[in-house]
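Please walk me through this protein model in running text.

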Amino acid sequence: MKRFRVLALVLLIALLFSGNGCGIIPALIKPTAAPTETAAPTPAPTAKPAPTPEPTEAPEITSGVHKGERDYFTYFVTRVIEKERCSVQMDYKIFSAEALISLADTVDRDMAAIAERAGEPDRRVTVYIVDKLESGASPVSGDHMFCTPEEVESGEYRTALMDACFGLTIPWKQYGLYEFVFGDHDYSGLQRYYLDKRNMYTASCAAVYISPLSADAKTLEMGRKTAASITAYVLNNGGLERLREIRSTKEVISDWMKTEDVFSSFILPEEDEEVAGMTVLKDAGCLFAVRLDNLVFRITESSFMKTPAELYTFLVMYVRGMKAVWKTIEDEAPAFVPYAETRAGATITITVTTADESYTYGNNIVLGFEESIWHELTHVLMNESEYDPVFWWQCEAIAEHFSLPSWDAVWRVSEEEYISGFAALIRSYALGSAISSEEAEKCISLFTAVYYSLRAEHGSAPEGYLDHRLTERALGICALLLPDSDIFDRRSVASTRGSESGPIETDGNALTYNESMAFFEYLMDTYGAETVLRGYMYAKPIEETCGKTYDKLFADFMRHLKNMYGSYLR
């Protein structure tokens, strides 16, 4: 939904993802294959014809069925060939005996190579060969994997095979082990590539850097070489068990670089531990999809997620911000936690577009602004009553209240610089004759007084840094105390939902987002946060929760504001 933009005009974003990179010399480590002996050729006798080879017995083909499972729902009948280390099953709709025998032999040879060079797989694998994979489905479900005949023939299926064999669910480890077993171990070009600091996050080997669906050719090449080189280093300095233990390249990248006698000062963000688990999926109807835990980001078109670096940085921001959101819910609304955890356990689909708004419907989010991701997710986690117009203004107030601490975690902004920037912006309106100089100075004085008053009572951001939630609340209070000013965006909660409303004195949906949050937080301060939030959670009208009609509650609120800040209005 469209957001009030005064904050965006003056916000001095200080991204926390900076770092310094330097060259990385690749680890030139190869697995050692056992030497083979070549027997001297024996000439065939000229008087006798060459012996006819004995016919090879055709493998037994039996019937089977895939009954559907959590990560791959489709039911289909199969034809099956059992091999020493795996079962190969082909969907009956595309079955031919010749094709199944050939594909099963290929898989069997690949399994033998894995056993020889990486160690015996932990479990017996079932390879299902299908015409095409389910849209958005994972190719691996435990020790089951799904692929097409073309993927087996080309070897593309081998990265997923590593997951099925050893439970390596992290994409960089799958690809790295595949390269260790089947690759040519060419790690050239990495040193020059990492001299450019803009490439430093490629060293995370996150899925967006090693998938052809999301990465350009150069990034894909360097991302895969990095994953292969780091995997070779781990296998030669701890073996397969060490590879299983680690989750993120962040855990070993410093030692990897030191071993290669490389100095580098860049550090991957702390959130790389979580982001390392993302996967990139084929998804009909969009360019591709990124799954991170239970969230699926469907990338249709985007102004802020066009490159692997932008995708990676956004997901790091998302993880960092959501930690702040969850902490706020746990600290301020513990009764909501079980409900929010249930909602969070379901799949949440986020469609990333170039739209000029963001909104939710059920467990789906349309995301047009990157900074609104936490607001919209708070709707999904906490807003049971979002479809009832009686609760619209409270829904938006709660989404603002619980999501804005994420901004403090992601964007550290100097409090002093923000206030100065706000003042400069408002004075520029006066210079352009949009408002009078007197009105501009009144607004600046009022906003500063309200913000610092709230800061003294409710501030949670580190000293010297802006508290974004209090900034939004202060803006809402200023808009209510200066109802005739043209400085503020007056779009109401009702208008953003395509509806009409009465006056703010009798209809909460006439409030803007900032105003609704300011009013709701006043009610929590006055009647107790737990009482007000629990009333909302059980869909009780605010009148029932607080024991007064809406118009009386709002009149009390405005009287309180004028008592607190009336001197700045004269």
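**A walk through the predicted model**

The chain has a mean pLDDT of 86, and 88% of its residues reach 70 or more; pLDDT is the predictor's confidence in each residue, from 0 to 100. Because the model is predicted, local features need pLDDT of at least 70 and side-chain atom pairs count only at pLDDT 80 or more, while totals for chains, interfaces and linings use all residues. Residues are numbered from 1 along each chain as its sequence is written, and side-chain values use heavy atoms, with hydrogens and water left out. Over residues 1–53 pLDDT stays under 50, and the model has 122 contacts beyond four places in sequence for them (a contact means heavy atoms within 4.5 Å).

On the surface, Tyr 75, Val 77 and Tyr 92 form a nonpolar patch with about 330 Å² of accessible area together. Such patches take residues with over 30% relative accessible area and no salt bridge, joining nonpolar side chains (Val, Leu, Ile, Met, Phe, Trp, Tyr) within 5 Å and like charges within 9 Å. The areas come from the Shrake-Rupley method with a 1.4 Å probe, and for residues only the protein chains shown count as cover. Tyr 75 sits in the loop between β1 (62–66) and β2 (76–82); helices (H or I, at least four residues) and strands (E, at least two) are DSSP runs, numbered from the N terminus. Tyr 75 is exposed, at a relative accessible area of 57%, where buried means under 20%, exposed over 50% and partly exposed in between (1.4 Å probe, protein chains only).

How many of its 10 residues are buried? The count is 10 of the 10, so helix α14 is largely enclosed by the rest of the structure. Among these buried residues are Trp 374, His 375, Glu 376 and His 379. In strand β10 (residues 348–352) lies Thr 351, which is buried at 14% relative accessibility. Beyond its neighbours within four places in sequence, Thr 351 touches Arg 298, Thr 300, Ile 365, Val 366 and Leu 367.

Aromatic pairs number 30 in the structure. Rings of Phe, Tyr and Trp (its six-membered ring) pair if their centres lie within 6.5 Å; planes under 30 degrees apart count as stacked, over 60 as edge-to-face and the rest as tilted. Tyr 193 and Tyr 194 are edge-to-face, at 5.1 Å centre to centre and 85° between the planes. Trp 393 and Phe 519 are stacked, because their centres are 5.2 Å apart and their planes lie at 15°. Trp 393 belongs to helix α15 (residues 392–403) and Phe 519 to helix α21 (residues 513–527), so this pair ties together parts 126 residues apart in sequence. Both Trp 393 and Phe 519 are buried, and they belong to one aromatic cluster that includes Tyr 522 and Phe 557.

The structure has 28 salt bridges, each a side-chain nitrogen of Lys or Arg within 4 Å of a carboxyl oxygen of Asp or Glu. Arg 244 and Glu 241 form one of them at 2.4 Å, N to O; both lie in helix α9 (residues 239–245), three residues apart, about one turn of the helix. Glu 415 forms a salt bridge with Arg 455, with the closest N and O atoms 2.6 Å apart. That pair links helix α17 (residues 415–431), which holds Glu 415, to helix α18 (residues 437–458), which holds Arg 455, across 40 residues. Glu 415 is buried at 9% relative accessibility, and Arg 455 is buried at 16%.
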